[in-house]
Amino acid sequence: MSTFFELSRAVEGGKRNDAKQITQSLLDQGIKPLEVVEQGLVPGMSAIGEKFKNNEVFVPEMLIAARAMKECMAILEPLLADAGIKPKFTAVIGTVQGDLHDIGKNLVAMMLKGANFGIVDLGTNVPPEKFVAAVQEHNAQLVCLSALLTTTMPAMRTTVQAVRDAGLTSVKVLVGGAPVTQDFCDEIGADGFSQDAASAVDLALRLAETY
Amino acid sequence: MKKPTLTEACQKFPLTCDGAMGTQLIERGMKIGECGMCWNAEHPEDIVAVHQAYRDAGCRLITTNSFGGTRSMLGRHGLGGKVAAWNRLAARLAAKAAGPEGWVIGDVGPFGDFLEPMGDTTVEELEEIFREQIAALVDGGADAILVETMSDPGELSAGIRAAIAATDLPVIGTYTFQKSAGEFRTMMGTSVADAIQAAFDAGASIAGANCGTDLSLDDYLELGKQIVAAAKGRPTILQPNAGAPKMRDGEIFYDATPEDMADLACKLRTIGISIVGGCCGTTPQHLAAMAEASRLIE
């Protein structure tokens, strides 16, 4: 008998083969896929995120945990889709126009996925209108903008403006990236800024609830 | 007389490396998001002019415009086939400005993804990616190889090993640090001591730091001390930003003046940093003041 706790621990420790095996074993025991996600994967990712915020672990451990989670999700996603179960919240994410860096964006996407968000990843160098179209198409509650370069930060402002101009007033815009600050977030009228990928999950959950 | 190698020279007298390239190209009309490496082929006169401005400022290390010159990074622009041609060209353009008294520093930046088990790339694949770029830089006339802005000591070490496999030239390894919970660490969580040790273990001749996330001038001085301590007498390098980026009226800027940077350069010399240069937000004016301050110490 495998347990949710074992799955959480395997994900947190980045043991992807164990995690996959336990996921399969839980399903074989007749447990519903959504329960495996919510009670096994999400707590595991949340635990590693918490350690990351406390500087007990760093990016490598988060990446390895996220990989384990992703491989479990590959087993679970088709089953969830068959059962017609969709994540409660959807986030559109991308690196803003002119910026080709994706490491930070990918980390946030993985962590959000680990908190059971539906993720629409638009990649890098994403023009404002593409963010707007994706929010409309997927009825997203959140749009997450990443930038690594000080020279591409102005594209965050134009993207926020484009989202608002499209009448998407209740969509929450999150911004992040090495040079981004809370001041900059406030200045451009975005709804939230977080310092790192683990804090981004807390912020995303809080903002999505107020959508 | 034959020019001494960079490693020999930097142990005899303080050397100044150059400063930012990207922002200088933006001032010359490069669009945000445009492929900086394309400028080697499309605007060679601008590249040489920036190199020359740094050389005239007193910088003897001239860094090639090839930060994103790996197959993996050029591939993002659909230009992965240009590695050999454009890195060779980048070295030739830097050599034009470096002159007989200067060193052409063949620049290698991060490959843009993660090594196993964090990512999908194996060490062997990564060494091959770096080797291809480095071979072209050497072919174009590089006097040393700089593997820079690294976060993962595994990636930096792969770059150093690839350089050593491709050439006998000196190899420099630099990391970018941030401050987390009061300590300098790379994004991957590596401490200064471990990072610098890994660089020398892999065979670097010179190791240190460049860039950095939100570090003040005082932070750079402290970082410099830790690098010198970690290097245990071996040559070191530090290329700070012009302070931490600030925001005014929605514009991002770096506000350290040339005088501020000259003062920092002086202090970095005093604590034993062998090569001082600049990164984000620095200009030929900053580097001129820094080189002058270093000359006064010498």
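β5(B) spans residues 171-175 of chain B, and five of its five residues are buried. Note that this is a predicted model.

Now step to the neighbouring strand. β4(B) covers residues 144-150 and is joined to β5(B) by four bridges. The two strands run parallel. One pairing to find on screen is Leu146(B), whose bridge partner in β5(B) is Ile172(B).

Continue to β3(B), which comprises residues 103-108 of chain B. Four bridges join β3(B) to β4(B), and these strands run parallel too. Here Gly106(B) stands opposite Ile145(B) of β4(B). β3(B) also pairs with β2(B), in the parallel sense, over three bridges. In this pairing Ile62(B) stands opposite Val104(B) of β3(B). Strands of a sheet pair through backbone hydrogen bonds, either parallel or antiparallel.

Next, the helices of chain B. Helix α8 (residues 153-166) and helix α9 (residues 192-202) of chain B have axes that come within 9 Å. The axes cross at roughly 25 degrees. An angle under 35 degrees counts as roughly parallel, and α8(B) and α9(B) are therefore roughly parallel to each other. Their crossing is right-handed. From α8(B), the contact uses Pro153(B), Leu156(B), Ser157(B), Ile160(B) and Arg161(B). From α9(B), it uses Asp194(B), Ala195(B), Ala198(B), Ala199(B) and Ala202(B). By class, the contact residues are seven nonpolar, one polar and two charged.

Helix α4 (residues 59-82) and helix α5 (residues 103-114) of chain A pack at an angle of about 50 degrees. Their axes are 10 Å apart. At that angle, α4(A) and α5(A) are therefore oblique to each other. α4(A) passes α5(A) in a left-handed crossing. α4(A) brings Val59(A), Met62(A), Ala66(A), Met69(A) and Met73(A) to the contact. α5(A) brings Leu107(A), Met110(A), Met111(A), Lys113(A) and Gly114(A). The contact has eight nonpolar residues, one polar and one charged.

Leu205(A) lies in helix α9 (residues 197-209) of chain A. Is Leu205(A) buried or partly exposed? A buried residue needs 20 or more other C-beta atoms within 10 Å of its own. Leu205(A) has 16 C-beta neighbours inside 10 Å, so it counts as partly exposed. Its C-alpha atom is separated by 12 Å from that of Ser194(A), eleven residues apart along the chain.

Finally, look at where the chains meet. 17 residues of chain B are in contact with 23 residues of chain A. The chain B side of this contact has eleven nonpolar, five polar and one charged residues.

Note on methods. Residues are numbered from 1 along each chain as its sequence is written. Chains are lettered from A and ligands numbered from 1 in the order in which they are written. This is a predicted model: local features need pLDDT of at least 70, side-chain atom pairs count only at pLDDT 80 or more; totals for chains, interfaces and linings use all residues. Axes are lines fitted to C-alpha atoms, for helices over the stretch in contact, and angles run from 0 to 180 degrees between N-to-C directions. Angles under 35 degrees count as roughly parallel, over 145 as roughly antiparallel, 65 to 115 as roughly perpendicular and the rest as oblique. A crossing is left-handed if the near helix is turned anticlockwise from the far one by less than a right angle, and right-handed if clockwise. Two residues are in contact if their C-beta atoms, placed from the backbone, lie within 7 Å. Ala, Val, Leu, Ile, Met, Phe, Trp, Tyr, Cys and Pro count as nonpolar, Asp, Glu, Lys and Arg as charged, and the others, Gly among them, as polar. A residue is buried if 20 or more other C-beta atoms lie within 10 Å of its own, exposed if 12 or fewer, and partly exposed in between; C-beta atoms are placed from the backbone. Two strands pair if DSSP finds at least two bridges between them.
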